[in-house]
Amino acid sequence: MEFKNKKPEQKYFHCYATANDSRIYLKDIQNLMRLKSNYSGFNKIVLFIAISEVNKISFFDTFFIKNVKNIFHNHPFIELRDIYFKANIGRDFSSYQTLLNKVKKTASDDDFILFQNRSGYGPFKENWYKNFVNQF
């Protein structure tokens, strides 16, 4: 017996925007480590990271990307789907647009998307994403 109208499982996306205007990416590393360490409340979060290219891509940028990939490699609840550079025009606003374009490829109307830039510190506690969703 096949169920044709089975509702797909909701997905939870986290879209993170930053820029390569700081060679050390300190705030980004802090935020991403908090993201890694604090359980979201869901079994899977799909993470996309957009980096606005303020400066020419350098060793520091490739080192940052390598470290972020290592941070989330085999993470039990977070899937780093993509980390990429984009033009600096529009900074965070254009980052959110490119992130949304990537999410739309696999998202449905019932899914959730949380947008964050590096000045949005956190998360700081367990179930942070679930608490966000429960508001709705």
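I am working from a predicted model. I looked up the largest nonpolar core and found 22 residues, of which Leu 32, Ile 49, Phe 64, Phe 72 and Tyr 129 touch the most other members. The biggest contribution, five residues, comes from α2.

I listed the contacts of Ile 49, leaving out neighbours within four places in sequence. The list reads Tyr 16, Leu 32, Val 68, Leu 80, Asp 82, Ile 83, Tyr 84 and Leu 99. I also noted a second, separate core of nine residues, with Ala 17, Phe 48, Ala 50 and Tyr 84 among them.

Pocket. The largest pocket has a volume of about 170 Å³. I read its lining as Glu 9, Gln 10, Lys 11, Tyr 12, Phe 42, Asn 43, Lys 44, Val 46 and Arg 81. Sorted by class, that lining holds four charged, three nonpolar and two polar residues.

Asp 111. I found Asp 111 in the loop between α3 (91–104) and β4. Is Asp 111 buried or exposed? I put it down as buried, because its relative accessibility is 12%, under the 20% cut-off.

I next looked at what its side chain meets. A polar atom of the Asp 111 side chain lies 2.8 Å from the backbone nitrogen of Lys 11, and the side chain also reaches the backbone nitrogen of Ser 108 at 2.7 Å. Beyond four places in sequence, Asp 111 is in contact with Glu 9, Gln 10, Lys 11, Phe 13 and Thr 106.

Conventions. Residues numbered from 1 in each chain as written. Predicted model: local features only at pLDDT ≥ 70, side-chain atom pairs only at ≥ 80, totals over all residues. Heavy atoms only, no water. Core = buried A, V, L, I, M, F, W, Y, C linked by side-chain atoms within 4.5 Å. Buried < 20%, exposed > 50% of the residue type's maximum accessible area, 1.4 Å probe, protein only. Helix = DSSP H or I, 4+ residues; strand = E, 2+ residues; numbered from the N terminus. Contact = heavy atoms within 4.5 Å. 1 Å grid on protein atoms, 1.4 Å probe; cavity = no way out; pocket = protein on both sides within 12 Å on 5 of 7 lines; lining within 4 Å. Points joined across faces, edges and corners; volume = space filled by probe spheres on them. Nonpolar A, V, L, I, M, F, W, Y, C, P; charged D, E, K, R; others polar. Polar contact = N/O pair within 3.5 Å; in protein donor to acceptor, adjacent residues only side chain to side chain.
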